[in-house]
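I opened this entry to record what I looked up, chain by chain and then pair by pair. The structure comes first.

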Amino acid sequence: MVEVPPDESRRVWLLRSLKGAISATVIAVLYPVACFLRPRRATVAGAMEVVAPFTVNKLPGAADNPFDFGGKPCLVVLAPSGLRRLKSGEPLRSGDVRAFNALCTHVDCTVEYRPDQADIFCNCHGGVYDLNGKNISGPPPRPLETYKVDLRGDPDNPGKQEIIVSRKT
Amino acid sequence: MSRIGHIVRFLRERSGWEDLQSLANKKRVPIHSATHFYYLGGMALFLFMVQIVTGILLSLYYKPSPDQAFESVEAIVTEVSFGWLVRSAHCWSANLLIGVLFLHLLTTYLMRAYRRPRELTWLTGVLLLGLFMAFGFSGYLLPWNELAFFATRVGTAIVSKVPGIGHDLLLLARGGDDVTGDTLARFYSLHVVVLPMLTFALLGSHLFFVQKHGMSVPDLVEANRKIKPRCPSMPFVPHFLLRDMVGWYLALALLAALAALFPWELGKKLTDPFASAPEGMSPEWYFLFMFQTLKILPGNIALPWPIGDVEGEVVGVLFFGACGFVILLTPFFDRGRKSRWILNGLAGIAVAFFIVMTVWGWFSQADQTVLRIALGSLLATIVLFLLVPSTKPNTTARRMLYGVLTLTTCAFLLAVSQGLIAR
């Protein structure tokens with residue numbers, strides 16, 4: 001063991017406390033800066049539930065589709081079975097109206113509902129999803145995120161029903 | 001050699017690091033009774049760096065439009081974590097920076113550091129002070145609150161008093177006949193693009209000149225040198241730099257304390273630009289001396305023939321313009337001992353005028369008396385402390401100085417403790 005002369009040990013102690021104080025200062029400055037850079041709450045956490053800005057009979061060609069759901073675009077589509085029931089005036093069943101997070105799973109472009117092709121298409125890189133949100137062609141690596149859909153209103157008059165989209169829990 | 005060693009050698013060979021190092025090793029700082037004045041420049045540089053960092057952070061959330069400016073600043077201080085601290089630090093360090101620059105200017109003058117060959121250092125320095133005051137003025141409008149709106153309207157209206165080109169200058173400053181959203185956009189662009197670019201250019205040359213000519217030794221010390229052959233000095237790296245950093249550390253501590261204990265106010269949202277101006281209208285403290293002067297000038301001043309009656313404001317504007325010009329060109333007015341009597345007299349009058357007018361304007365506002373006393377006594381303490389080396393030890397003057405210094409320090413501590421208790 002090497003013996004440290006007393007004055008040298010004092011110097012070591014001083015240097016250590018100096019380094020400690022400087023590190024503490026750096027942390028005290030960097031911590032608020034890092035917190036400041038984190039986005040504020042209003043722009044991250046979205047709403048849990050939203051009413052679509054159109055009723056079921058405006059589908060499939062609704063103008064406001066996709067719409068804002070807690071800061072992200074939400075796309076509502078009508079499954080072929082839903083289209084048939086809507087035309088014949090039968091009450092709609094669950095799964096006839098579907099809602100998705102409209103952000104393409106490839107690189108966050110907003111997708112488009114193509115009723116005539118019965119698919120969901122992304123204009124940015126040509127990704128294609130079916131009406132279940134499953135990726136069937138092009139670059140998207142995963143299906144679209146699905147939301148829960150509830151219909152509110154008279155089931156015997158399906159066209160006038162409101163569409164309530166909520167996050168799955 | 002280790003891999004990191006290789007990288008270090010690679011960078012050293014290509015970056016000219018050795019040249020920089022030998023330059024730094026060559027630099028020495030003279031030691032005499034006023035050496036501590038040399039720290040003011042470094043402290044201003046440190047506060048400017050704080051301004052850059054906090055300013056960039058604020059610009060991440062700020063939105064320069066009349067509909068959103070106030071709301072975005074409100075969101076910064078209420079929603080963003082530590083947003084209040086960042087904004088408060090930005091405002092406080094801006095004020096400290098101007099204060100330090102005033103002292104830097106004054107002490108540089110006292111040491112006559114502007115003498116040949118350092119005229120350009122002085123010139124760029126004075127211009128930098130002007131730029132920082134412009135920073136303060138343009139930044140004041142950005143929160144788009146009532147006070148900012150009316151202060152900017154008044155401040156830009158003063159520009160219109162310049163004879164001849166006044167109205168054109170007004171239109172250039174406001175981007176219209178009145179202060180509108182276009183003014184806000186202009187001031188924002190000025191504050192975050194134009195002024196920073198000019199500042200970097202001027203600051204770069206200022207630092208280059210300081211580096212090129214080295215630290216100036218006051219002529220009084222130089223005169224004494226005939227008795228003692230060499231003025232002692234210390235190397236800049238690491239001796240002076242480490243002392244400098246202690247100063248930065250103190251500045252950081254003061255800034256943190258001020259920003260945390262006295263968060264900067266948000267003000268009231270400007271709802272109606274056509275409403276009457278609110279009570280307690282005043283600019284930042286470093287414009288107060290001009291504000292107070294213009295307040296007490298009569299509407300019309302009779303000047304001797306052939307000029308005749310002139311608007312008071314015009315006289316004020318021309319007077320301050322001339323003062324700025326004299327300060328800028330001080331190195332060229334100094335022509336030896338005789339001219340120094342005149343210059344010193346003028347400088348004494350100017351400092352006294354600045355202090356009297358600022359204090360007058362400061363205390364004619366009733367609110368926040370404790371904060372005003374705290375800051376006023378702090379400023380007085382600093383100025384008195386800087387005066388200590390100019391008195392000889394064991395004289396009545398030195399003893400009186402110490403006495404007053406004790407009083408102002410007590411006033412400062414009392415005001416701060418009062419403020420803390422009130423909280």
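I began with the surface of chain B, which comes to about 23,800 Å² of accessible area, 70% of it belonging to carbon and sulfur atoms. Accessible areas here are Shrake-Rupley values with a 1.4 Å probe, and for residues only the protein chains shown count as cover. I note the ground rules now: this is a predicted model, local features need pLDDT of at least 70, side-chain atom pairs count only at pLDDT 80 or more, and totals for chains, interfaces and linings use all residues. Residues are numbered from 1 along each chain as its sequence is written, chains are lettered from A and ligands numbered from 1 in the order in which they are written, and side-chain values use heavy atoms, with hydrogens and water left out.

**Chain B, overall**

I looked up the secondary structure. Chain B has 17 helices and 4 strands. These are DSSP runs, numbered from the N terminus: helices are H or I with at least four residues, strands are E with at least two.

Next I checked the dimensions. The C-alpha atoms of chain B fill a box of roughly 70 × 70 × 50 Å along the principal axes.

I then asked about burial. Of the 423 residues in chain B, 40% are buried. Buried means under 20% relative accessible area, exposed means over 50%, and partly exposed lies in between (1.4 Å probe, protein chains only).

For contacts (heavy atoms within 4.5 Å), I took pairs in chain B at least 6 apart in sequence. Of these, 75% join residues at least 24 apart.

Chain B has 35 positive and 25 negative charges, and their mean positions are 19 Å apart. Lys and Arg count as positive, Asp and Glu as negative; His and the chain ends are not counted. Each charge is placed at NZ of Lys, CZ of Arg, CG of Asp or CD of Glu.

What covers helix 12? I listed its buried residues first: Leu288(B), Phe289(B), Gln292(B), Thr293(B) and Leu294(B). Their cover includes helix 7, helix 13 (312-328) and helix 15 (337-363) of chain B.

I also looked at Pro263(B). Pro263(B) lies in the loop between helix 11 (236-261) and helix 12 (288-296) of chain B. Pro263(B) is partly exposed, at 39% relative accessibility. Ser88(B) is 175 residues from Pro263(B) in sequence, yet their C-alpha atoms are 5.3 Å apart.

**Chain A, overall**

I repeated the checks on chain A. Chain A holds 3 helices and 10 strands. From the N terminus, the order is α-α-β-β-β-α-β-β-β-β-β-β-β.

The C-alpha trace of chain A spans about 100 × 35 × 30 Å along its principal axes. Its radius of gyration is 28 Å, whereas a compact globule of 169 residues would have one near 15 Å.

In chain A, 35% of the 169 residues count as buried. Of the contacts with a separation of 6 or more, 47% are between residues 24 or more positions apart. The accessible surface is about 10,500 Å², with 55% on carbon and sulfur atoms. The mean positions of the 22 positive and 18 negative charges of chain A lie 4 Å apart.

**Salt bridges**

How many salt bridges are there over all chains? The search of the whole structure gave me 13. The criterion is a side-chain nitrogen of Lys or Arg within 4 Å of a carboxyl oxygen of Asp or Glu.

I picked Arg85(A) and Asp96(A), whose closest N and O atoms are 2.7 Å apart. Arg85(A) sits in helix 3 (residues 80-88) and Asp96(A) in the loop between helix 3 and strand 4 (97-101) of chain A, so the bridge ties together parts 11 residues apart in sequence. Both Arg85(A) and Asp96(A) are buried.

In chain B I took Asp178(B) and Arg153(B), at 3.0 Å between the closest N and O atoms. Asp178(B) is in the loop between helix 8 (166-174) and helix 9 (181-213), and Arg153(B) is in helix 7 (residues 146-159), so this pair ties together parts 25 residues apart in sequence. Asp178(B) is partly exposed at 26% relative accessibility; Arg153(B) is partly exposed at 23%.

Asp334(B) and Arg340(B) also form a salt bridge, 3.0 Å from N to O. Asp334(B) is buried at 11% relative accessible area, and Arg340(B) is buried at 17%.

My last entry is a network of salt bridges that links Arg9(B), Glu13(B) and Arg14(B).

How values were computed
Rg over C-alpha atoms; globule rule 2.2 N^0.38 Å.
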